[in-house]
Amino acid sequence: MEEASYNGKRKIELRRLGSYLKYAGRAVFFFGIWDAIKTVITMFLNPIVLGIQQKSDMNAEEQLTQVLSFAVLGIVLWINILIRFYIGRWAIKEGNGERKGLFPLLVTCVYLVIVMVSFVGVLKGFLETANMESFLISFIIELTSALALIIIVVCSWRVRYLEHKVYTH
Amino acid sequence: MQEDFHYYATYCAAWLAGYEVSDCSRIAYAAQLVDLCSKTFINRFHGPRAATTTQLKTELADAPTDITGIQDITRVWASFHFLPGNLYAHLPKRNRYYMNRYRLICDVNGTLLADTVNLARKGGVEACGIAMHILADTWAHRYFAGTPSFVINDAGGFYELRETENGVERIKVNFNHNPITADNIEKCSFTNCLKQDSETSVMNLGHGRAGSLPDYSFFKYEFQPAWGDYRILVKDNPSDYYRAFCQMVYAMKCLRSGEQEFETDTYDEETVSPYREEIMAILKKRQLIANEDWKALGEKLTGTALEDFDLLKYGDEYMEAEKGHKEKTFLGRFFVAALAQKSMVTNKIFRSGNLIAGFSIDYGTNGFRGIEDFRMLLEEMKKGAMDDQS
């Protein structure tokens, strides 16, 4: 029977999908690192943030509100980074043949939906911004990152479908 | 393959094919010399540099990888160590650039192998030795191409298929890139070339990504070559090496007879079968090199002592010969045979519409328009034609 051999059609496709998962997982992982660098720049090198320390016309309550806002923003950004690391690491393991159940896949699907929805805001900003070049670069990076997530979702579903076919027929 | 097979095993095969002991030595020497006849070696004797049959690591490190550099590298490696299996292979949905490299993949029993052995009929024992080296290497180096190409020669997923008391065990091969560390058979730890994404890097030449695994006669393994489209290939070296040995015996019988045309996919198992157990024991013995075992077999077969390989053995003869008589020395005939082989393979690659080995001119029919070194080959060919007529 073809499937019993090394090079049955489905086994070859499983290896191909595994390879795609590994590369896409690495891409999501490294985009997570990029997000971390961006977050650090946003939080600590942003002129607005630096400016807070120098503003003397804001009262203590207003300053506290500003600081708390940035703290919450920072927490959300770091959670985003951790989710990317989680998804990237899981996809690499999935590509190596380790199956961790459906939960990571569902997390990836939900995260992908959030990313796609966030594109609306990104596009809005793109249309309003004066600095087209830097926005365009950021947009392309975000788009690539989203594509990597799509590849992970599609390949992971396909792997589960094929494994079910290979080992039950 | 290594010295154990190219020198000692070829000596044994030549004896079984019916050659005299002295001829066996010369054939074995020529077979091993193919792995050592670099530009550095030839320069030592002021020989024709176009007759190089290999490139040392130091030479490769300096070799350019522009178009002409790639052609130069390909001419050497595809002609002597990675003889293409099918220059007219076809794959759907691949562009010309890819196919030019795919068609150089070495494989056994190709038409070029028959051309190589039959070409050696016109030469002496030196040409026979070169042909035997190439024949043996088609078995060891199959599935890799003699041109730097990432999309062809990259490989991964190496697992040893080790026979144990409990059956066949699948053991992951660990590679490191430190050339100083020795390969460790028991831990399955070997050295290979660094992964280089650049298509034409010399790290992607031949079986660099597989390290020395193709050259270990005992090793049976599976791997995924880049050109395989996620297929797993199993390489059974003990079995392949035995077939190479049987094919060498058959080929040398053809060459010795002078009339019998070599045909591919033919093996003289009848002559070899009385020694099959001994040979398989040598091939399957887990050791990095089997010189001593093959040497012992060779001495047992011939009843005479077999000297170890000495690279400079025929150097003095060549140096002391007068100009115009150098072609009559051992090294001179070796150089002519190497030029003939390189010309033939380059011509075949060129005629298949592939420029990766450069241009080729039929100088025999269209007049001499080439580098000076090949004039020597043309003169020898003319002498051979006149001898045939007389």
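This report covers the helices of chain A, then the domains, strands and opening helix of chain B.

The model is predicted: local features need pLDDT of at least 70, side-chain atom pairs count only at pLDDT 80 or more, and totals for chains, interfaces and linings use all residues. Residues are numbered from 1 along each chain as its sequence is written, while chains are lettered from A and ligands numbered from 1 in the order in which they are written.

**Chain A**

Chain A has five helices and zero strands. Helices (H or I, at least four residues) and strands (E, at least two) are DSSP runs, numbered from the N terminus. The pattern along the sequence is α-α-α-α-α. Of the 169 residues in chain A, 15% are buried. Buried means that 20 or more other C-beta atoms lie within 10 Å of the residue's own; exposed means 12 or fewer, and partly exposed is in between, with C-beta atoms placed from the backbone.

Two residues are in contact if their C-beta atoms, placed from the backbone, lie within 7 Å.

Ala91(A) sits in helix α3 (residues 60–95) of chain A. Why is Ala91(A) classed as buried? It has 30 other C-beta atoms within 10 Å. Neighbours within four places in sequence aside, Ala91(A) contacts Leu21(A), Ala24(A), Gly25(A), Val28(A) and Ile152(A). Cys109(A) lies 18 residues from Ala91(A) along the chain, and their C-alpha atoms are 13 Å apart.

**Domains of chain B**

Chain B divides into domain 1 (3–148 + 239–389) and domain 2 (150–237). These bounds come from an automatic or database domain assignment. The domain centres, taken over C-alpha atoms, are separated by 24 Å. At the boundary, 29 residues of domain 1 of chain B contact 22 residues of domain 2 of chain B. On the domain 1 side, α5 (67–80), α6 (96–102), α10 (237–257) and α12 (276–284) of chain B each supply at least two residues. That side comprises 19 nonpolar, five polar and five charged residues. Ala, Val, Leu, Ile, Met, Phe, Trp, Tyr, Cys and Pro count as nonpolar, Asp, Glu, Lys and Arg as charged, and the others, Gly among them, as polar.

**Strands of chain B**

Strand β5 (residues 220–225) of chain B is mostly covered, with five of its six residues buried.

| Strands | Sense | Bridges |
|---|---|---|
| β1(B) (residues 155–164) and β5(B) | antiparallel | four bridges |
| β5(B) and β6(B) (residues 233–236) | antiparallel | four bridges |
| β1(B) and β2(B) (residues 167–172) | antiparallel | six bridges |

Gly156(B) stands opposite Gln224(B) in β5(B). Glu160(B) faces Tyr221(B) of β5(B). Glu222(B) has Val234(B) as its bridge partner in β6(B). A hairpin of two residues joins β1(B) to β2(B). Thr164(B) is bridged to Gly167(B) in β2(B).

**Helix α1 of chain B**

Helix α1 (residues 3–16) of chain B has 14 residues and should span 20 Å at 1.5 Å a residue; its end C-alpha atoms are 19 Å apart, which agrees. The expected span is 1.5 Å times one less than the number of residues. A kink of about 30 degrees is centred on Ala9(B). The bend at a residue is the angle between axes fitted to the seven residues ending there and the seven starting there. Because 13 of its 14 residues are buried, α1(B) is largely enclosed by the rest of the structure. Gly18(B) follows α1(B), with a positive phi near 105 degrees.

Key: Two strands pair if DSSP finds at least two bridges between them.
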